[in-house]
Amino acid sequence: MTLTAVRTTIAAACTAHQRQVDDVTLVAVSKQQPDDRIRSLLEQGQRVFGENRVQEATARWSPLRADYPDLRLHLIGHLQTNKAAAAVALFDVIETLDSERLALALAAEMKKQSRFLPCFIQVNTGGEAQKDGVAPAEVPALLQAAHAAGLSVTGLMCIPPADDLPDMHFALLHKLARTHALPHLSMGMSGDYKIAISYGATHVRVGSAVFGDRENSI
Ligand SMILES: *Cc1c(COP(=O)(O)O)cnc(C)c1O
């Protein structure tokens, strides 16, 4: 696959489900990808990228910021509170808000840096012990805590269990977002972004289908 093929697939899925293509943002997941592939995507006009590690992302993207001022970087991996400052300095959207403690740390950093980033709450829809994110039932409390801290939460994000059909997870996230009047839904990866669009995804996080296989990939 290539960027063009993924964009074409997104457009077709939008048409098939009576959605506007502008309502779906392709977040190109660049973790563990070589610099030349990233440069190539930038040259093809891609501007929204996802990274899962703060330090790696800072080393890679800080220098590119100057050349591409319209870059939008999404943090899609777990964030430790001690890295909140670096995350706020680099990223434009935090997709992985998953605790009140983190909400407080992020809010404090945003005030300090005067950079107010929208956040999505990561929801562990499959209840998997090894995955980050809050249980669906904990979303209202975290929303309230984030709001009280002054954070702007605009959406939800999930990573369905690898061995489940993703449909029920996407449907659940969609329902939760609607219940809480949150406009953004980050769901769908290389294997299932078409399906995610049918359930209302506004952000699809696609890595290998855009870039090819990752280095050090397991
Ligand atoms: C790596 C990753 C992706 C992209 O996965 P692909 O299968 O390569 O598309 C999406 N979301 C998250 C949270 C990831 O860590």
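Is Arg 39 buried, partly exposed or exposed? I looked this up first. Arg 39 counts as partly exposed, at 38% relative accessibility. I note that I am working from a predicted model.

**Salt bridges**

I went on to the partner of Arg 39. Arg 39 pairs with Asp 67 in a salt bridge, and the closest N and O atoms are 4.0 Å apart. I checked where the two sit. Arg 39 belongs to helix H2 (residues 35-43) and Asp 67 to helix H3 (residues 54-67). The two are 28 residues apart, so I log the pair as a link between distant parts of the chain. Asp 67 is partly exposed too, with a relative accessible area of 48%.

How many salt bridges does the structure hold? I find 10.

I then took up Asp 92. Arg 72 forms a salt bridge with Asp 92, with 4.0 Å between the closest N and O atoms. Arg 72 lies in strand S3 (residues 72-75). Asp 92 lies in the loop between helix H4 (84-90) and strand S4 (93-97). These two are 20 residues apart, and again the pair links distant parts of the chain. Arg 72 is partly exposed, at 37% relative accessibility. Asp 92 is at 10% and counts as buried, because the cut-off for buried is under 20%.

Asp 92 has another entry in my list. The side chain of Asp 92 also meets that of Arg 115 in a salt bridge, 3.7 Å from N to O. Arg 115 is in the loop between helix H5 (100-113) and strand S5 (118-122), 23 residues from Asp 92. I have Arg 115 down as partly exposed, with a relative accessible area of 27%.

Which residues do shared partners join into one network? I list Arg 65, Arg 72, Asp 92 and Arg 115.

**Cysteines**

I looked for disulfides and found 0. Cys 119 is buried, at 0% relative accessibility. Cys 158 is buried as well, with a relative accessible area of 0%.

**Nonpolar core**

Next I turned to the core. The largest nonpolar core has 64 residues. Which residues have the most contacts inside it? I note Trp 61, Leu 97, Leu 106 and Leu 156. Helix H5 gives the most to this core, with 6 residues.

Leaving aside residues up to four places away in sequence, Leu 106 touches Leu 79, Ala 84, Val 88, Ile 94, Leu 97, Cys 119 and Leu 151. I mark Cys 119 in that list, as I had already logged this cysteine as buried.

**Ligand**

Which residues surround the ligand? Among them I find Val 29, Lys 31, Ile 76, Met 157, Ile 159 and Met 189. Ser 190, Arg 205, Val 206, Gly 207, Ser 208 and Arg 214 are also in the surround.

I then went through distances to ligand oxygen atoms. A polar side-chain atom of Ser 190 lies 2.5 Å from a ligand oxygen. For Ser 208, a backbone N or O atom lies 2.8 Å from an oxygen atom of the ligand. For Arg 214, an N or O atom in the side chain is 2.8 Å from a ligand oxygen.

Notes
Residues are numbered from 1 along each chain as its sequence is written. This is a predicted model: local features need pLDDT of at least 70, side-chain atom pairs count only at pLDDT 80 or more; totals for chains, interfaces and linings use all residues. Side-chain values use heavy atoms; hydrogens and water are left out. A disulfide is a pair of cysteine sulfur atoms within 2.5 Å. Buried means under 20% relative accessible area, exposed over 50%, partly exposed in between (1.4 Å probe, protein chains only). Helices (H or I, at least four residues) and strands (E, at least two) are DSSP runs, numbered from the N terminus. A nonpolar core is a set of buried Ala, Val, Leu, Ile, Met, Phe, Trp, Tyr and Cys residues joined through side-chain atoms within 4.5 Å. Contact means heavy atoms within 4.5 Å. A residue is near a molecule or strand if one of its heavy atoms lies within 4 Å of it. A polar contact is a pair of N or O atoms within 3.5 Å; within protein, one must be able to donate a hydrogen and the other to accept it, and residues adjacent in sequence count only if both atoms are side-chain atoms.
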